[in-house]
Amino acid sequence: MTLKIAFMAGKSEVAQSAHDVLTARYGDVPPAEADVIVALGGDGFMLRTLHTTQDLPAPVYGMNCGTIGFLMNEYNEDGLMERLEEAVQEDINPLSMQAMDQTGRVHRALAINEVSLLRAGPQAAKLKITVDGKVRLDELVCDGALLSTPAGSTAYNYSAHGPILPIGSDVLALTAIAAFRPRRWRGALLPKRVTVRFDVLESAKRPVMADADSISIDNIDWVEIKSDPTIKHRILFDPGHGLEERLISEQFN
């Protein structure tokens, strides 16, 4: 059986060139008709592809035409059909974010990697952290904080000195960004089922923005985040190069 492939490419010259070569060689169908969706670009484009195709049955196989490509497979024009047939599927759930800004408007977004809160002015942010209705930290003075999925734990979370999480773990990483008080507070590991709330203290004086996979909301008052088990993103990897292997390897580099 020949797989029906839908190719989606980022805007870069490299990705567009790869799109032209691969579609000419393997054909191309609309994403809704595809057995597999092949994303050509970097990790950012892969995240956008997963978001835009989350309601489609086809899994997504990424080929790296970007920089790091942690969520991507190596680019190669040859043997694509065989690679797709042998690929291993990883299923991940996104985070669901609900945030209210200072005008009272409520915003909603999904994040495959992480939801981050970042100071938006010259002064440090002040955040109150609540987990499942219980205040766990009355005041965190920092440049920001983030809640990461296992799939996103090697991205911004790792750069902020957060832990790398095994892909199959039912755990989220809560990580501080440049914590000032409590001094050097590094964060916490939380069960996947919890709801985490950040309240911005002194929000008018110390503005904070929230970001969910590059969807940004300015001047927020509070943010609530939880994993959404009703949404499942299906990602394909070449055998031996899946997310679990990459998460382990990253810790020994």
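Does Asn93 count as buried or exposed, and why?

Reply: Asn93 counts as buried because its relative accessibility is 18%. Buried means under 20% relative accessible area, exposed means over 50%, and partly exposed lies in between, with a 1.4 Å probe and protein chains only. The model is a predicted one, in which local features need pLDDT of at least 70 and side-chain atom pairs count only at pLDDT 80 or more, while totals for chains, interfaces and linings use all residues. Residues are numbered from 1 along each chain as its sequence is written, and side-chain values use heavy atoms, with hydrogens and water left out.

Asn93 sits in the loop between strand E4 (88-92) and strand E5 (95-101). Strands (E, at least two residues) and helices (H or I, at least four) are DSSP runs, numbered from the N terminus. Beyond its neighbours within four places in sequence, Asn93 is in contact with Thr149, Lys192, Ser227, Asp228, Pro229, Ile231 and Lys232; contact means heavy atoms within 4.5 Å.

Two polar contacts can be picked out. The side chain of Asn93 meets the side chain of Lys192 at 2.8 Å. A polar atom of the Asn93 side chain also lies 2.8 Å from the backbone oxygen of Ile231. A polar contact is a pair of N or O atoms within 3.5 Å; within protein, one must be able to donate a hydrogen and the other to accept it, and residues adjacent in sequence count only if both atoms are side-chain atoms.

Pro229, one of the residues in contact with Asn93, belongs to the loop between strand E16 (220-227) and strand E17 (233-237). Whereas Asn93 is buried, Pro229 counts as exposed because its relative accessibility is 65%.

Next comes a sheet. Six strands form an open sheet in the order E12-E11-E10-E7-E14-E15, with antiparallel pairing. Its edge strands are E12 (188-191) and E15 (215-217), each pairing on one side only. Two strands pair if DSSP finds at least two bridges between them. In general, strands of a sheet pair through backbone hydrogen bonds, either parallel or antiparallel.

Within this sheet, strand E10 (residues 144-148) is mostly covered, with five of its five residues buried. Gly144, Leu146 and Ser148 point one way from E10, and Ala145 and Leu147 point the other way. Five antiparallel bridges link E10 to strand E7 (residues 114-119), where Ser116 stands opposite Leu146. Another five antiparallel bridges link E10 to strand E11 (residues 171-177), where Ala176 is opposite Ala145. Strand E14 (residues 208-212) runs antiparallel to E15, joined by three bridges; among the partners, Ala212 faces Ile215.

Most residues other than glycine have a negative phi, and most peptide bonds are trans. Ala178, which is not a glycine, has a positive phi of about 50°; Ala178 lies in the loop between E11 and E12. Pro182 is found in the loop between E11 and E12, and the peptide bond from Arg181 to Pro182 is cis, with omega near -10°. Ser214, in the loop between E14 and E15, has a positive phi near 75°. Ser214 counts as exposed because its relative accessibility is 67%, and Ala178 counts as exposed because its value is 51%.
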